[in-house]
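Subject: Structure for you to look at

Dear colleague,

Please find below the structure that I promised to pass on, with the sequence beside it.

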Amino acid sequence: MASTDDIRLNAAARTGAHAGYAGDVTPEEAWSLLEQHPDAVLVDVRTREEWMFVGLPALQSLGKEPRLISWQVWPQMAQNHDFTGTLAEAGIGPDQPVVFLCRSGGRSRAAAMAATSAGYTAAFNIEGGFEGDVGEDGHRGTVNGWKAAGLPWFQN
């Protein structure tokens, strides 16, 4: 079993020691963390509209569900000022490993930093997010991120 400390060392080396959170993990590392640590949680910080129309990570084979807590709210994209309070209300404790996911990694990085500032000790950002960067064809989902890694997901 890969320890949270091992993943943290890899993430810190990739991200930089002073990133303000535990660091970036690849989608595969996030899956491994979720698979091997019963208390690990995936928090999808995208908007309700993204969850509905773009899809969600499928964690059922791990006996888990993604926690859906928006970092910003559509259409104004105003920051959810009670984000860390909502984490606590959702039963996510400060000592649980938490991997944050957004479309491409920006909002989830900000969420990981906010969680760390609020006392969460293992807050990670998933590199590339759910859809990843835009490819040469002008579309997301093929270059990097959760979908491109071939990890399970579904769309309603």
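The side chains of aspartate 44 and arginine 46 form a salt bridge, with nitrogen and oxygen 2.7 Å apart; the term stands for a side-chain nitrogen of Lys or Arg within 4 Å of a carboxyl oxygen of Asp or Glu. Aspartate 44 is buried, at a relative accessible area of 0%, and arginine 46 is buried too, at 0%, where buried means under 20% relative accessible area, exposed over 50%, and partly exposed in between, using a 1.4 Å probe and protein chains only.

Before going further, please note that this is a predicted model, in which local features need pLDDT of at least 70 and side-chain atom pairs count only at pLDDT 80 or more, while totals for chains, interfaces and linings use all residues. Residues are numbered from 1 along each chain as its sequence is written, and side-chain values use heavy atoms, with hydrogens and water left out.

In the whole structure, the search finds four salt bridges. Another of them joins arginine 48 to glutamate 49, with 3.5 Å between the closest N and O atoms, and here glutamate 49 is partly exposed, at 23% relative accessibility. Arginine 107 and glutamate 50 form a salt bridge as well, their closest N and O atoms being 2.9 Å apart. Because arginine 107 lies in helix H5 and glutamate 50 in helix H3, this pair ties together parts that are 57 residues apart in sequence. Arginine 107 counts as buried at 14% relative accessibility, and glutamate 50 is buried with a relative accessible area of 14%.

Helices (H or I, at least four residues) and strands (E, at least two) are DSSP runs, numbered from the N terminus. The 12 residues of H5, residues 106-117, should span 16 Å at 1.5 Å a residue, and the end C-alpha atoms are 17 Å apart, which agrees; the expected span is 1.5 Å times one less than the number of residues. Within H5, the residues Arg107, Ser108, Ala111, Ala112 and Ala115 are buried. Seen down the axis of H5, these buried residues fall within an arc of 140°, so they line one face of the helix, the arc being that of the directions from the helix axis to the C-beta atoms. They pack against helix H3 (48-53), strand E5 (72-73), helix H4 (83-89), strand E7 (98-101) and strand E8 (123-126). After H5 comes glycine 119, whose phi is positive, near 105°.

Tryptophan 71 lies in the loop between strand E4 (67-68) and E5, and is buried with a relative accessible area of 9%. Leaving aside neighbours within four places in sequence, tryptophan 71 is in contact (heavy atoms within 4.5 Å) with residues that include Val45, Phe83, Arg107, Ala110 and Ala111.

What of the nonpolar interior? A nonpolar core is a set of buried Ala, Val, Leu, Ile, Met, Phe, Trp, Tyr and Cys residues joined through side-chain atoms within 4.5 Å. The largest such core has 19 residues, of which Leu34, Leu42, Leu59, Val99, Phe124, Ile126 and Trp146 touch the most other members. The elements that give two or more residues to this core are helix H2 (27-36), E7 and E8, and H2 gives the most, with four residues. Apart from this core lies another, of 18 residues, among them Val43, Phe83, Ile92 and Ala112.

Glutamate 131 is found in the loop between E8 and helix H6 (145-148), and counts as buried at 14% relative accessibility. Glutamate 131 and glycine 141 are 10 residues apart in sequence, and their C-alpha atoms are 4.4 Å apart in space. Among the residues that glutamate 131 touches, not counting those up to four places away in sequence, are Val54, Arg103, Arg140, Gly141 and Lys147.

As for the protein as a whole, the secondary structure comes to six helices and nine strands, and buried residues make up 48% of the 156 residues. Of the contacts with a separation of 6 or more, 64% are between residues 24 or more positions apart.

With best wishes
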